[in-house]
Each structure stands twice: as structure tokens, then as C-alpha cells.
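Dear colleague,

I am handing over the structure below, and my notes on the ligand site and on one residue follow it. Please read them with the structure open.

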Amino acid sequence: MSPLTTSPPTIASVDLSALTANLRQARQLLSPGCDILAVVKADAYGHGAVAITKALAQQGVTRFAVATIQEGAQLRDAGIQAQILVMGALPPAQFADLLGYDLTPVIYESNIAAELAARLGARSIPYPVHLKVDTGMGRLGLLPEQVLPLLQAPAFQRPLRLAGLMTHLADADNADPAYAKIQIERFQTVLAGLREAGLSVPLIHAANSAAILGHPAAHFNLVRPGIMLYGYSTVPSGQAATLKPVLSLRSQVAQVRRLKQGDSVSYNRAFVAARPSKIAVLPIGYADGYSRALSNRGYVLVQGRRCSVVGRVCMDMTLIDVTDLPDIHSGDEAVLIGRQGADAILATDLAAWSGTIPYEVLCGIGPRVPRVYS
Ligand SMILES: Cc1ncc(COP(=O)(O)O)c(C=O)c1O
């Protein structure tokens, strides 16, 4: 069998120059000595973790964060030698892979530190780990008062070495900074306690994109941008005006159909034509990440015009109303995310229409959609 020689009509184009521009924006917000830990989990928010990590590494980024050991292993298998931090759950059953792939864990519980130390045994070179403090996110993490006792426990005399201390902010994108400030203060108190006990913490990090933009006090000496690298921000408008969306999602009209008034389309007849209509069928559906919540709610650009999604989005197909486009044919480009002519549809628009956040829109773009890099 010969390999595929053609691309499908639905593709995600990833603009690496936009990624680089966003990285530059992030760096400009940091004080000298503050470094970037690029968040490339969830396949780099749907952009393709290997290609994104390689592109960022070429721009001098030396640290990357993923959520799972498999995600870290995927980067290593692709030849990435940079530091890789695993920020999610650490099942002891996966410790062999964690160590085998030279991944840096974020420890969030003393049992995990003890089990990892036991597995490492009498290693002569201590293994670097980060610790996570829960200062108010209420997710993974040690309570502030658990940090010092853990660092004074035998596991940290050897074989573990504290390479970093982190926390995560629950509300950094709120226009009201109060809760983020409380969390930053709790984190600072933990750090002061460690300093008083004579412990040094090489890397200190708390800031996601929203805190990079809005909370300089959370920068410490390392920041963890995710969504801003991909061109989006969740902070109040204005603060992130120069970010460039990196991904666009494009398809092509598969068929143009004519409806009489009263004809219906797609499952459950959720759209009935109120006038004689022209409908274009697009070969993209919820299996590709185009949410079913966009049924009768979304818009798609064709010939620079916004066409409404009509009827239920199906697993592999979506229908749009192109009645007002006099000269439309199969093969015409349809832009689901991105710019066409003078108009653009952003992941934030899809998020608003479907009741979610741009993160979920981007992460949801399925593996069936090829990522094409330029
Ligand atoms: C622990 C942690 N740090 C940083 C980030 C990056 O956040 P953002 O994409 O908002 O910059 C995430 C993403 O969810 C995260 O879970």
C-alpha cells in the first residue's frame, strides 16, 4: 500500500511566527532573570506538542511543562532534551517511566515523595523534583504547613533534590485581584519559612498567562505561560491586545444543497428553512472538535461572509446557510477559526457561542485534523 499523498479538506494551520511573536510578548513582561516554563500539555493546547516544543526550543526556551508522564515521554521520543516538568497526577505505577524518561515530577503529597525516594534508592546524584503548594486552588498540592516538614524529611536529604517550588492561582484572570493577592502572600510566607530554615529554592513559579499579564508579584524567577503563547488571553480586554492567535481551522465545502421553504436538515430536524435556502455541507463535525453545542449557534466564514451553522452539528459534518452567497461551489474555503477577508472568527467566539472557554475549543480539536505548520 502506498502512503497517503493528499491532505484532507479540514486542516488546522499553525502559524509558528505568531507563536514566536507571543513568546516575545511574554518575555517583554518579565524582569531580567525571570525565565519561561512553556506549558505544552494537552498536545500544546491542540497545536501539536512536538512541533510547538521544538519551535519554542529554537527560540531559547529550555523548560517545558506537561500534565502526564505519557505527554513527557512523547516529547522525549521526539528527541527533545530540554527539562520537562510533569504537573499532573503521579501514579506510583508509572514511576519507572517517569525516571526512565528523565522527567521532573511535581510532588504534591509526602507519600509520593517517600515512594519515589524508595524507588530511587541510594542514587549518588540526587533526582530533581518540584513541590506544589496549594495556596487556594484546592486542587493538587501540599498545604503550606506541610512543605517545610517534607523538605526536612529523609527523602530530601537524598535521593530527592528540591529544584523548584510552585503554586497555582485560581483567579488570576479576575478583574478583582483580591484572591490572587491572598494566594501570592500565602506562597511568599511559605518561601520565607524555607529561607529562615536555611533551605534554598532554585526555581519559584506561580504565574499562568493571566498572572504574567496582571500580577507581576507572582512572577518570581519562572513563569508558566500556556494560553498566551497560543495567542489568547482571559484577562480583561486591553491587557493582551498584541497577542496573535496561532491556530486556524479551515475546511472546504463538500456539497451545496438547495432547500425549499419548510425543508429540514440534519438530526432531529432542528433547522427548518424559513425561506428557499442554500446549505453548504462542511466535512467537519464534533469528532473533529467542532462542538455539537454550536448547532444552530455558530458561524463560519465563507467568501469573507459570516454564515450561520444550521441544524445539529454531526460527528463528521456541519451544515451552514449560504443562501446569501450567489456564487458558492464545492471546494470553496470555509474558515471555522481564523481570518478570511476582512473578518475573523476566534476561538473565543466559538467558546462564547458554545458556552465554554477558548482553552477547551483549542484542546478539543481532534487527532483526525492534521496540523499544518508554517
Ligand atoms: C499548573 C498550571 N500552570 C500553568 C498553566 C497555564 O495556564 P494558562 O494557559 O492560563 O497560561 C496551567 C494550565 O492550565 C496549569 O495547570
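By class, the shell around the ligand is made up of seven nonpolar, four polar and three charged residues, where Ala, Val, Leu, Ile, Met, Phe, Trp, Tyr, Cys and Pro count as nonpolar, Asp, Glu, Lys and Arg as charged, and the others, Gly among them, as polar. Please keep in mind that this is a predicted model, in which local features need pLDDT of at least 70 and side-chain atom pairs count only at pLDDT 80 or more, while totals for chains, interfaces and linings use all residues. Residues are numbered from 1 along each chain as its sequence is written, and side-chain values use heavy atoms, with hydrogens and water left out.

In total, 14 residues surround the ligand (a heavy atom within 4 Å), and the closest are Y45, S209, R224, I227 and Y359. Oxygen atoms of the ligand take part in several pairings: a polar side-chain atom of Y45 lies 2.6 Å from one, an N or O atom in the side chain of K41 is 2.8 Å from one, and a polar backbone atom of G226 is 2.9 Å from one. The protein covers 91% of the 390 Å² of accessible area (Shrake-Rupley method, 1.4 Å probe) that the ligand has on its own.

L243 counts as buried because its relative accessible area is 11%, the limit being under 20% with a 1.4 Å probe and protein chains only.

Best wishes

Key. Polar contact = N/O pair within 3.5 Å; in protein donor to acceptor, adjacent residues only side chain to side chain. Buried < 20%, exposed > 50% of the residue type's maximum accessible area, 1.4 Å probe, protein only.
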